[in-house]
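The report below takes up the pairs and then the backbone.

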Amino acid sequence: MIAAKLLEQIPLFADMSQEDLERVAQHTEELVCEKGNYLFREGDKANDLYVLLSGLAQMTARGPEGQQTVIEIIYPGDSFILAAVISGKRFLMSAEVVKRSQVLKIPGTALTELIRNGGDFGLSMLATLSTQYRSMVRQVKNQRLRTTAQRVAAFLLDLAYDQGRGENRITLPHSKKMLAALLGMSQEGLSRTFTALREQGVVIDHKQVQIESIIKLRRFCGFSNKLDASDRISMKE
């Protein structure tokens, strides 16, 4: 059992009544997970919802030959595959902690009971599911409609929009190894792409990125603040 005030920090539960918060808190467990720990693995039954309080985690999947690919990065405040928990299905990805983290573990039965009771909680769940779905759609669009260089450029512009609302200097939030996996390429391929983007005015020094012209880079990859900036970012505005 945890204090209800911990749940109030999470967007998914922000609009819940105090009574409902306390009800969920009674069934919620707080976990401290070390780097390399798995919260669940691909194929496990989705009995519990996990929510990241602090730290960092990644959602991964394995290919037919055993190769592991990073599908999504989980940030504080994010939940892990809510759709699988609500529908009682199996997880299609694994959740690995990549930085010491605090995580909440909430039984799926407690969540479905709240939905049955009605109220604003069901709408919050729908909003979260919508955000997660839209994130996946953006990934598919990037993979299908953009070249490798355009995909990396769009990722950098998304970071620029996040960190400074379009500022020219940004900081890479992860190691190049994790970024390469997230963008679906090798580290060598990412390095080559960074080099190729110099022609578009992008200079990268370790984790610092200088963009000569935001407008030029937007034109290069067809970036749109309305369509390409993540909902995670838009929710802050």
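## The pair in helix 2

R23 counts as partly exposed, with a relative accessibility of 32%, where buried means under 20% relative accessible area, exposed over 50%, and partly exposed in between (1.4 Å probe, protein chains only). Its partner D20 is buried, at a relative accessible area of 18%, and the side chains of D20 and R23 meet in a salt bridge of 3.4 Å, N to O; the term stands for a side-chain nitrogen of Lys or Arg within 4 Å of a carboxyl oxygen of Asp or Glu.

D20 and R23 are three residues apart in helix 2 (residues 18-25), which separates them by about one helical turn. Helices (H or I, at least four residues) and strands (E, at least two) are DSSP runs, numbered from the N terminus. E19 joins D20 and R23 in a network of salt bridges, and the structure holds four salt bridges.

## Basis of the model

This is a predicted model, in which local features need pLDDT of at least 70 and side-chain atom pairs count only at pLDDT 80 or more, whereas totals for chains, interfaces and linings use all residues. Residues are numbered from 1 along each chain as its sequence is written, and side-chain values use heavy atoms, with hydrogens and water left out.

## Two further salt bridges

The side chains of R100 and E34 meet in a salt bridge of 2.8 Å, N to O. Because R100 lies in strand 5 (residues 94-107) and E34 in the loop between strand 1 (29-33) and strand 2 (38-40), the pair ties together parts that are 66 residues apart in sequence. R100 is exposed, with a relative accessible area of 54%, while E34 is partly exposed at 37% relative accessibility.

In helix 4 (residues 108-116), R116 and E113 are three residues apart and so separated by about one helical turn, and their side chains form a salt bridge of 3.6 Å, N to O. R116 counts as exposed at 64% relative accessibility, and E113 as partly exposed at 39%.

I81 has a phi near 50°, a positive value in a residue other than glycine, and is placed in the loop between strand 4 (68-74) and helix 3 (82-87). At 19% relative accessibility, I81 counts as buried.

H206 likewise has a positive phi, near 60°, and is a residue other than glycine. Its place is in the loop between strand 7 (202-205) and strand 8 (208-211), and H206 counts as exposed, with a relative accessibility of 67%.
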